[in-house]
Structures are given as structure tokens and as C-alpha cells.
Amino acid sequence: MALLLGVDTGGTYTDAVLIRDDRDVLAKAKALTTRQDLAIGVGEAVAAVLAQAQVAPSEIALAALSTTLATNALVEGQGGRVALIYIGFGEADLDRHGLREALKGDPALVLEGGHSHSGSEAAPLDREALRAFLQREAVSVSGFAIAGQFATRNPAHELEVARIIAEETDVPVTCSHQLSARLNGPKRALTAVLNARLIGMIDRLIGRAESRLSELGVTAQMMVVRGDGALMSSQQARARPIETILSGPAASLVGARWLTGVETALVSDIGGTTTDVALIENGKPKIDPVGAEVGGYRTMVEAVAMRTSGLGGDSQVHPIAAGMSGGVTLGPRRVLPISLIANMSPEVVHATLDSQLRAVTVGEYDGQFVRAIPGQTPVGLSDREARVLDRIGTQTHPLGAVLHTRIEQGALMRLVDRGLVQIAGVTPSDASHVLGRLSSWDGDAAQKALTLFARRRVGSGDRLAPDAVTLARMIVDQMTEQTSLTLLETAIAEDAPAFGTSPDQLARHVLMQRGLSRHQGLVALSAGLNVDVVGLGASAPSYYPAVGTRLHCRMILPEHAGVANAIGAVVGRITMRRSGTVTAPEEGRFRVHLENGPEDFTGSQEALERLEAELRAEARAAAEAAGAQDISIQVERDIRIAEVEAREVFVEAFLTVEASGRPRIATG
């Protein structure tokens with residue numbers, strides 16, 4: 001019997017699952033994600049699942065981790081201070097593709113050197129300027145990013161700069177040509193900068209997670225999920241952490257496929273903070289053809305094509321006071337549910353809610369609380385931010401007791417954005433507690449908070465809702481509506497050429513909405529999704545049946561939907577891709593662009609065979625290094641031919657070789 005351990009660190013929960021013989025879910029468990037040290041939550045979830053299954057940690061044959069850390073770090077602007085070595089470009093190129101913005105004031109050296117489109121040296125490499133830069137900056141950066149002009153045609157200057165940096169410093173180095181084989185220097189430079197920024201953070205996470213598993217007695221090799229859903233070794237993830245962006249959502253797609261066997265379906269994964277929607281097509285996650293976009297940055301990383309909405313079980317509920325009827329809207333900000341913070345600080349929360357319920361009028365900050373996140377080290381705070389944080393201290397407080405003036409609201413929200421403080425308020429999770437659909441936390445506190453929230457007034461002067469149960473239904477109905485819109489937008493985006501208008505406008509168009517309602521007048525309108533939807537996430541059974549009804553589609557809710565990410569983390573395949581190019585610098589000469597420099601051939605077929613052999617060897621070696629066995633190889637050729645004077649002329653060829661296999665399972 002082979003036991004596989006999958007772990008997923010989400011925004012609210014860390015999930016762990018044990019799978020037996022790659023077929024059966026043996027046990028599953030959850031622990032609250034510990035943002036100050038993710039390895040604590042990992043350890044708690046793994047310990048819980050081992051106890052539940054009553055198996056020895058030494059029996060685990062393989063462990064795999066999917067994580068939102070890289071994605072969240074890029075979205076929130078976190079990471080180490082890095083330096084960019086930009087070879088053969090001009091200062092103006094730093095402004096392309098948001099490169100200067102991504103540097104955020106970190107140092108950059110525009111260095112003489114680089115190559116031409118054909119791979120020949122465009123200018124000598126300025127080694128002296130590089131050494132002078134290293135003497136000034138190496139002590140104050142945690143990583144170097146190197147991007148050379150046409151480095152994918154000839155990486156010699158990138159490799160030489162990396163050699164000199166390694167010779168003179170012990171700082172990690174990222175070369176852009178090793179992250180992507182495609183042209184577009186500024187975009188490759190951006191990807192390299194983000195990778196360098198993440199190295200220290202991912203290295204600490206993986207190191208702490210491996211140490212925690214070892215302390216628990218789990219000695220199996222640990223894998224990490226890439227953004228395309230494939231597995232890589234923890235060592236590879238440490239060197240190329242940028243490839244773990246969208247790791248969590250990608251794992252959910254792999255888990256959905258394993259749980260349901262669907263060939264084509266939309267997968268909607270609701271978490272605490274976001275809803276992620278993506279497409280499984282022909283049994284595989286659909287990959288974003290232009291590279292993953294995270295935190296406003298378009299990278300050259302292959303990752304799942306994902307539409308993310310700021311909508312989750314912990315989305316903040318906002319009253320709609322304008323208009324005569326009122327209503328609610330959800331997100332995009334995440335807050336702690338009242339039912340959860342009441343578990344953490346029951347005396348403060350219940351005493352405050354009881355006092356507020358006895359008041360004649362509802363205060364602006366009623367039903368909201370604030371606490372500092374333990375273990376954080378605040379730096380660079382303004383005086384006002386420091387005063388607010390000091391006032392919060394280590395306790396939970398009613399929000400109104402912390403904010404002395406309205407201007408302090410801005411300071412508080414900056415503390416929230418920097419991950420130093422959490423606000424608690426009414427969420428869909430609280431509504432589900434009131435309706436009896438959830439019982440994880442303090443349902444009495446949720447009932448009190450929604451009763452208080454329902455007393456708010458709308459434009460007509462009436463209360464927002466007559467009672468907590470009515471308000472809870474309003475919140476859940478709004479969750480249905482906003483989830484349906486997110487699914488519609490994703491489906492319409494896939495069909496974009498057929499419509500010629502933006503997906504969000506079309507999803508909200510009055511005709512679409514009437515079609516979903518099956519309008520029957522002189523005109524009959526009908527609309528819906530023409531594809532199955534797999535609903536994932538612990539709260540999916542609470543919200544998604546109504547979404548399927550609204551969109552007139554089959555909603556699949558697998559038994560283990562709440563831990564699909566953790567399942568996907570460990571049932572995926574190791575897949576390594578290597579790409580390269582053959583060009584024709586002049587008639588009768590075919591140039592293969594390799595890591596060791598260009599090689600010329602007199603025949604196109606000979607050149608293609610040389611490139612394919614090299615890429616096959618590289619992809620297979622990378623897969624074997626990750627621990628793959630029974631490796632299969634697939635080759636994709638994109639050969640571009642032009643017709644000149646009634647004859648075909650070779651222009652360029654781009655080859656991709658994919659080596660894939662299941663991880664090697666440790667045996668006793």
C-alpha cells in the first residue's frame with residue numbers, strides 16, 4: 001500500500017489529505033492557515049490527518065504541497081530587495097511591460113553587451129561596470145535577476161554575468177533565458193525580477209515545511225505544484241519559485257479531474273478570499289497562452305488560464321443604502337467572519353455585540369472588530385499608523401474603540417493591506433451559520449451580528465431586513481448572483497470571438513439576465529451555460545446548487561470538494577517542458593540556438609533533429625531530477641514557412657518537448 005500526502009495552504013485554511021494507492025481518499029483534515037509562519041498550519045493539518053488515519057508518518061511514500069504564497073506575495077507587493085542586470089538594452093526599456101514599476105526602486109544596471117536576433121554578439125560585455133555595481137549593491141540585495149538582449153538566441157552574456165556574480169557574491173541568481181525560451185526581453189526581465197524577489201520567501205517556506213514534516217516523522221520526498229498543475233521537486237521550486245504562481249488554483253483543477261473524471265468542464269473553486277474559475281479541456285487544465293498575469297504583472301510563466309473574483313466565504317458584506325429597496329453586495333475585501341473571531345475572543349465579541357444590540361441606533365462601526373496578526377514585524381510605519389497599531393496591541397477590540405478620528409480609517413486600511421492587522425465583520429460564512437448550513441464556529445455570535453446588521457436603514461427609511469434569517473438569505477442570494485456572473489464571464493471569454501464585446505458587459509446585459517430568467521413574452525429568451533460546472537471548496541455545497549439552477553447547467557459537487565486542492569497537489573504528474581528555436585539567418589543556413597551557443601547546419605531537417613535531440617535530453621533530465629518514472633516524451637513543432645516566388649522558404653521553427661511521468665514512490 002502506497003500512502004500519498006497532499007497539502008494545500010489557502011488564505012483561510014491549510015488542508016491535508018491522505019490518498020491510498022492513488023485511488024482512495026483515506027483521511028482529510030483542515031487547520032487554520034498561520035500567515036505569520038505557514039509551516040505551523042501545515043504541521044497541524046498533517047498531524048490531524050495522520051491521527052485520523054492512524055498511520056505511521058514513516059508510511060508516507062510521497063508528499064506534495066500547493067501554495068498561494070507566491071501568488072499572494074506578488075499581489076501584495078511583498079518579497080526581497082533585488083537587483084536587475086539588464087544587458088544590451090537602453091534605459092527607456094525599463095519602462096516597458098511595467099519593469100520599472102515592478103522594481104519598486106530596487107537597483108538596476110543597464111550594461112553594455114547583448115546579442116543580435118541571429119545570436120551573434122552585438123557588443124562586448126562590460127565586465128568592469130558589472131564588478132563595480134556588485135561592489136556597491138551586493139550586500140543589500142537578496143537576489144539578482146539577469147536579462148540579456150536576445151538571450152534566448154544566445155545566452156552567453158547572461159551566463160557570464162551569472163558566473164561573475166557567483167564568483168564575487170553568494171547571492172542567488174536568476175537568468176531570464178532559463179525561465180522562458182521566447183523572445184521579448186523586457187517581459188523576460190520582468191519574470192526574472194519577480195522570480196528573484198520570491199526566492200528567499202519560497203525557500204523559507206519549503207525549508208520550514210520540510211523541517212516540520214521531518215519533525216512529525218514524514219521523511220518522503222516533497223514535491224511542489226507548479227502553476228500549470230504539474231509537479232516539480234522542492235529543489236526546483238526553490239530555484240524557480242515564479243513557476244509556483246497560481247499553484248493552488250492549478251492543484252484544484254487537477255483535483256477536480258481526479259475526483260470527477262470530467263473531460264470538459266468549468267471548475268469553480270470558492271475559498272475564503274476568492275473564487276477561481278478555469279476550464280478543463282480534453283482532460284487537462286487550459287493554459288494561458290500569453291503567460292500568467294498576477295498582481296497586475298504579465299509574466300512569461302506557463303500557468304492555468306484563471307479568472308479570479310474577489311468573492312469568497314469570508315468576503316465583507318456591504319449594505320446598499322442608496323435607493324428605496326436596499327440590498328447587499330459582497331467583497332472584494334476579505335475580513336474575519338464574526339463567528340470565527342468570536343471563537344478566538346468570545347468575551348470581547350459577545351459583550352460588545354450585546355451592548356450594541358441594546359443601543360437605540362446602529363453605530364457606523366457596529367458589528368466590526370480588529371486585531372493585530374501575531375508574529376509580524378512592522379517597519380516603515382507613519383506616525384499615525386504606528387499609533388493605531390500600538391492602540392490595537394495584542395488584543396481584539398471593537399473597531400469603534402480603536403478609531404478615534406475618521407482620518408485614522410486610512411491608516412488602519414494601510415495596516416490591513418500590509419498584512420499587520422485583520423478586521424472582522426459580517427460575511428457569507430456568518431450567514432451560513434445563521435441558516436444552519438455551517439457549524440464550524442460560533443453561530444450565536446453570527447446571529448447577533450446579522451441581527452445588528454439588519455437594523456441598518458435604506459433610502460426609504462426602512463430596515464435593511466426584518467431579521468437575521470432574512471438578511472442571511474439576502475447574502476446567500478447575492479453570493480449566488482455574483483458567482484453566476486463570474487462563471488458567465490469566464491465562459492463568454494472563451495467564446496469571445498463569437499460575441500465581440502467584453503465578457504463582463506455581456507454577462508450583465510439585460511438580455512442575458514432575462515434569458516437566464518427564461519423570459520416568455522412576445523419574445524422568448526433562453527440563456528445558460530452549455531457546459532458542466534464542478535464546484536469546489538468547503539462551502540461549495542452551501543452556495544453552488546443554487547448557482548447551477550440559476551445558470552441552467554449540471555453542477556457537480558464531488559464528495560471531497562473541500563480538499564480538492566490538497567488532492568490535486570499529490571495526484572498530478574511531473575511534467576517538464578523545454579523549448580528552442582531554429583532560424584535561417586541566410587538562405588541555405590539553418591541556425592540552432594542552444595544553451596552553449598548557436599550551431600549552424602546546411603539542411604533544415606538536420607537542424608530540427610539536432611534541436612529536438614537536445615531538448616529531449618534536457619526535458620528528460622529535468623523530469624528525472626524531479627523524481628519522475630516511466631517518462632513519456634511529446635514533441636510539438638511550430639514551423640513557419642513563407643512563400644517566395646512560388647516556392648516555400650523556411651523562416652523559423654519553434655520546438656517544445658514535454659517529458660512527463662508520475663513521481664517515483666518510495667517503498668520500504
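Axes are lines fitted to C-alpha atoms, for helices over the stretch in contact, and angles run from 0 to 180 degrees between N-to-C directions. Helices (H or I, at least four residues) and strands (E, at least two) are DSSP runs, numbered from the N terminus. The model is predicted: local features need pLDDT of at least 70, side-chain atom pairs count only at pLDDT 80 or more, and totals for chains, interfaces and linings use all residues. Residues are numbered from 1 along each chain as its sequence is written, and side-chain values use heavy atoms, with hydrogens and water left out.

**View 1. Helices H4 and H5 cross at roughly 40°.** Helix H4 covers residues 127-137 and helix H5 covers residues 156-168; their axes come within 11 Å. The angle makes H4 oblique to H5, because angles under 35 degrees count as roughly parallel, over 145 as roughly antiparallel, 65 to 115 as roughly perpendicular and the rest as oblique. H4 passes H5 in a right-handed crossing. A crossing is right-handed if the near helix is turned clockwise from the far one by less than a right angle, and left-handed if anticlockwise. On the H4 side, Arg127, Leu130, Arg131 and Leu134 meet Glu160, Val161, Ile164, Ile165, Glu167 and Glu168 of H5; contact means heavy atoms within 4.5 Å. By class, this contact of H4 with H5 has five nonpolar, no polar and five charged residues. Ala, Val, Leu, Ile, Met, Phe, Trp, Tyr, Cys and Pro count as nonpolar, Asp, Glu, Lys and Arg as charged, and the others, Gly among them, as polar.

View 2. Two strands pair if DSSP finds at least two bridges between them. Strand S7 (residues 143-148) pairs with S8 in the parallel sense over three bridges, and Ile146 stands opposite Cys175 in S8.

**View 3. Helices H1 and H6 pack at an angle of about 30°.** Helix H1 spans residues 38-53, helix H6 spans residues 185-216, and their axes are 9 Å apart. The crossing of H1 past H6 is right-handed. Leu38, Ala39, Ile40, Gly43, Val46 and Ala47 in H1 meet Leu205, Arg208, Ala209, Arg212, Leu213 and Leu216 in H6. The residues of this contact divide into nine nonpolar, one polar and two charged.

View 4. S19 and strand S22 (residues 421-425) run parallel and are joined by two bridges. Leu336 stands opposite Ala424 in S22.

**View 5. Strand S26 pairs with S25 and with S27.** Five of the six residues of S26 (residues 589-594) are buried, so this strand is largely enclosed by the rest of the structure. Buried means under 20% relative accessible area, exposed over 50%, and partly exposed in between (1.4 Å probe, protein chains only). Strand S25 (residues 574-586) runs antiparallel to S26, with three bridges between them. The bridge partner of Glu586 is Arg589 in S26. The hairpin of S25 and S26 has two residues between the strands, and Gly588 takes a positive phi near 85° there. S26 and strand S27 (residues 597-601) run antiparallel, joined by five bridges. They form a hairpin with two residues between them, and Leu594 stands opposite Gly597 in S27.

**View 6. Ala619 is buried in the model.** Ala619 is found in helix H22 (residues 604-626) and has a relative accessible area of 0%. Not counting residues up to four places away in sequence, Ala619 touches Met576, Arg578, Val657 and Ala659. The C-alpha atoms of Ala619 and Glu658 are separated by 6.4 Å, although these residues are 39 residues apart along the chain.
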